[in-house]
Amino acid sequence: MKHNKQYSRGSPQGIILEMPSYTYAVKAEGLLRSRGIPVEMIRREEGCGYDLRIYSDSSANILDNMGIPYTRRQS
């Protein structure tokens with residue numbers, strides 16, 4: 001999925017958030033999409049986990065405010 005918008009304080013390649021479970025990944029994806037925020041759910045290549053690709057720090061702030069756990073992957 002390509003995004004042609006400009007995202008403030010984020011990377012055009014996105015920010016990867018490691019989700020602790022599939023349930024949290026789906027919950028976070030739905031929450032962000034319901035607010036019109038672009039997000040991609042990605043299956044990890046190793047193991048059975050899921051990550052989210054977001055495009056701004058404000059997306060992570062929303063997850064923080066809603067109490068959804070994640071770990072920001074170092075890029």
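The entries below take the salt bridges and then the nonpolar core.

**Entry 1. The model.** I noted at the outset that this is a predicted model.

**Entry 2. Salt bridges in general.** I recalled that side chains of opposite charge can pair when their charged atoms come close. I then looked up the total for this structure, which is six salt bridges. I followed several of the pairs individually.

Entry 3. I found a salt bridge between the side chains of Glu29 and Arg33, with an N to O distance of 3.3 Å. Both residues belong to helix α1, which covers residues 22-34. They are four residues apart, about one turn of the helix. Are the two partners buried or exposed? Glu29 has 15% relative accessibility and counts as buried, because the cut-off for buried is under 20%. Arg33, at 43%, counts as partly exposed.

Entry 4. I next looked up Arg53 and Glu40, whose side chains form a salt bridge at 3.7 Å, N to O.

Entry 5. I examined Arg44 and found a salt bridge with Asp51, in which the closest N and O atoms are 2.6 Å apart. Arg44 is partly exposed, at 23% relative accessible area, whereas Asp51 is buried, at 4%. Which residues are joined with this pair into one network? I found that salt bridges with shared partners link Arg44 and Asp51 with Glu18 and Arg73.

**Entry 6. The nonpolar core.** I turned to the largest nonpolar core, which has 16 residues. The members that touch the most other members are Leu17, Met19, Ala28, Leu32, Ile54, Leu63 and Ile68. I checked which elements supply at least two residues each, and these are β1 (15-18), α1, β3 and α2 (57-65). Helix α1 gives the most to this core, with four residues.

**Entry 7. The surroundings of Ile68.** I asked which residues Ile68 is in contact with, leaving aside its neighbours within four places in sequence. I listed Met19, Tyr24, Lys27, Ala28, Leu31 and Leu63. Among these contacts, Met19, Ala28 and Leu63 are also named, with Ile68, among the core members that touch the most others.

Notes
Residues are numbered from 1 along each chain as its sequence is written. This is a predicted model: local features need pLDDT of at least 70, side-chain atom pairs count only at pLDDT 80 or more; totals for chains, interfaces and linings use all residues. Side-chain values use heavy atoms; hydrogens and water are left out. A salt bridge is a side-chain nitrogen of Lys or Arg within 4 Å of a carboxyl oxygen of Asp or Glu. Buried means under 20% relative accessible area, exposed over 50%, partly exposed in between (1.4 Å probe, protein chains only). A nonpolar core is a set of buried Ala, Val, Leu, Ile, Met, Phe, Trp, Tyr and Cys residues joined through side-chain atoms within 4.5 Å. Contact means heavy atoms within 4.5 Å.
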